Amino acid sequence: MKLIVSVVQDKDSNRLSTALVENDYRATKLASTGGFLRAGNTTFLIGVEDEQVSDVLDIIKENCESREQLVAPVSPMGGNADSYVPYPVEVQVGGATVFVLDVDQFEQF
Amino acid sequence: MKLIVSVVQDKDSNRLSTALVENDYRATKLASTGGFLRAGNTTFLIGVEDEQVSDVLDIIKENCESREQLVAPVSPMGGNADSYVPYPVEVQVGGATVFVLDVDQFEQF
Amino acid sequence: MKLIVSVVQDKDSNRLSTALVENDYRATKLASTGGFLRAGNTTFLIGVEDEQVSDVLDIIKENCESREQLVAPVSPMGGNADSYVPYPVEVQVGGATVFVLDVDQFEQF
Ligand code: NI
Ligand code: NI
Ligand code: NI
C-alpha cells in the first residue's frame, strides 16, 4: 500500500478529482497554499495498492502537467500603466509535485 | 515512531479529539473534503511510539466506526415531492480510513 | 528524498515561510488546529534531498523554537476580576513538532 501526496494548482483540482473518481480511486483533498506551486493549491492524499501507483501518476500528469497558456491583457487598475502589457502573454499554469510514501499499515473502520 | 494519518467524518471529529486527549495522545487536525468518505471530513495527524499504534487504532475504531443511523424524514423543500420519503431511513454514517507511516526522524523544538 | 511534515504555531508561520524561501526550500502550507500545539497552527510539507534534512531542521528550530514571552495584563472583561493578573506574565510561545518521512518516489509534472 502507498500513500500518494500530490500538490496541484486549484485550477486543475476539480479535473483531477473527476478523473480519479472515474478510475475508481478515492482521494482526500486538503486546501493548501504556497510553496511547491504558486499560491492557491490543493493537496491530494490518495491511498493505492503498490501496482496502481504508476496508473495514478499517469492520471495526475494528464490532468495537471505544467503548460503554457495565453492570458488576455487586463486594463491597468489605478493608473499603474507602466506595467500594462497590451497583448496576450504566455504564462506557465498547472504543474504537480508528487510524493509517494510507503504505508506500514492500512485500516478501514 | 509512527505517523498515523486518519480521515474521519466531521460528525465524529470532536468525539475522536476528546478521546485522544483523554488518552494523552496529541493530534493535529486538517480540514479536508471528499474522497475516502463523503464530503466534510477531518484528517488527523497523530505521532506515536510504535507500541502505541494498536491502542490509537482502537480509539479511532471505537469513535468513528461506520454504522447505520435512522434519519427522520425531512419535508420536501421547493415542492420537490417526488423524492420525499415519509418515514425514517437508515443511512451509513461515520467510518475512518487510516494510514500508518513509518517516521525516519522525529524532533520537537 | 524525504518529506518533512512540520507543525508550527501560526505566529511563527510567516517567518518560517520566509526563511525557507530565502534558503531555496519550497514548502506547502496546510491550515491545521489543535493537538501537538495550542489551537491555530500551520502544517508545513517540505520535500528535500536526504542531505538537506538537517539544514531544514535547523531553519525550523531557529524560527519556531519554543520560548517564553512576556504578555501584558489585559483588563478583565465582564467583571471576572478573580482571574485578573495585574502584571505581565511569561507564557510559552512557539514550538515545532517535526516528522521526517522517507519518500519512495518523487515526481514533478
Ligand atoms: Ni506497501
Ligand atoms: Ni519508528
Ligand atoms: Ni530517499
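Let's start with D24(C), which is found in the loop between α1 and β2 (27–33) of chain C. Helices here are DSSP runs of H or I with at least four residues, strands are runs of E with at least two, and both are numbered from the N terminus. Phi of D24(C) is near 65 degrees, a positive value in a residue that is not glycine. For background, most residues other than glycine have a negative phi. Is D24(C) buried or exposed? With a relative accessible area of 70%, D24(C) is exposed; that word means over 50%, buried means under 20%, and partly exposed is in between, using a 1.4 Å probe and protein chains only.

Chain B gives us D24(B), in the loop between α1 and β2 (27–33) of that chain. D24(B) is not a glycine, yet has a positive phi of about 65 degrees, and its relative accessible area of 70% makes it exposed.

A quick word on what we're looking at. This is a predicted model, in which local features need pLDDT of at least 70 and side-chain atom pairs count only at pLDDT 80 or more, while totals for chains, interfaces and linings use all residues. Residues are numbered from 1 along each chain as its sequence is written, chains are lettered from A and ligands numbered from 1 in the order in which they are written, and side-chain values use heavy atoms, with hydrogens and water left out.

Now, chain A. Chain A has two helices and seven strands, and from the N terminus on they run β-α-β-β-α-β-β-β-β. Of its 109 residues, 44% count as buried. Contact means heavy atoms within 4.5 Å, and among contacts in chain A with a separation of 6 or more, 70% come from residues 24 or more positions apart.

On to the helices. In chain C, the axes of α1 (residues 10–22) and α2 (residues 53–64) come within 9 Å and cross at roughly 145 degrees. Those axes are lines fitted to C-alpha atoms, for helices over the stretch in contact, and angles run from 0 to 180 degrees between N-to-C directions. Which residues make the contact? From α1(C) we have D12(C), R15(C), L16(C), A19(C) and L20(C), and from α2(C) V56(C), I59(C), I60(C), N63(C) and C64(C).

In chain B, α1 (residues 10–22) and α2 (residues 53–64) have axes that come within 9 Å and cross at roughly 145 degrees. C64(B) is one of the α2(B) residues that meet α1(B), and at 0% relative accessibility C64(B) counts as buried. C64(A) is also at 0% and counts as buried.

Next, the core. The largest nonpolar core has 22 residues, and L3(A), L101(A), L3(B), L101(B), L3(C) and L101(C) have the most contacts inside it. Such a core is a set of buried Ala, Val, Leu, Ile, Met, Phe, Trp, Tyr and Cys residues joined through side-chain atoms within 4.5 Å. Beyond its neighbours within four places in sequence, L101(A) touches residues including L3(A), L101(B), L3(C) and L101(C).

Last, the metal. What coordinates the nickel ion (ligand 2)? M1(B) does, through N and O, at 2.4 to 2.8 Å. M1(B) lies in the segment before β1 (2–9) of chain B. Donors are N, O and S atoms within 2.8 Å of the metal (3.2 Å for Na, K and Ca), and water is not among the atoms, so sites may look incomplete.
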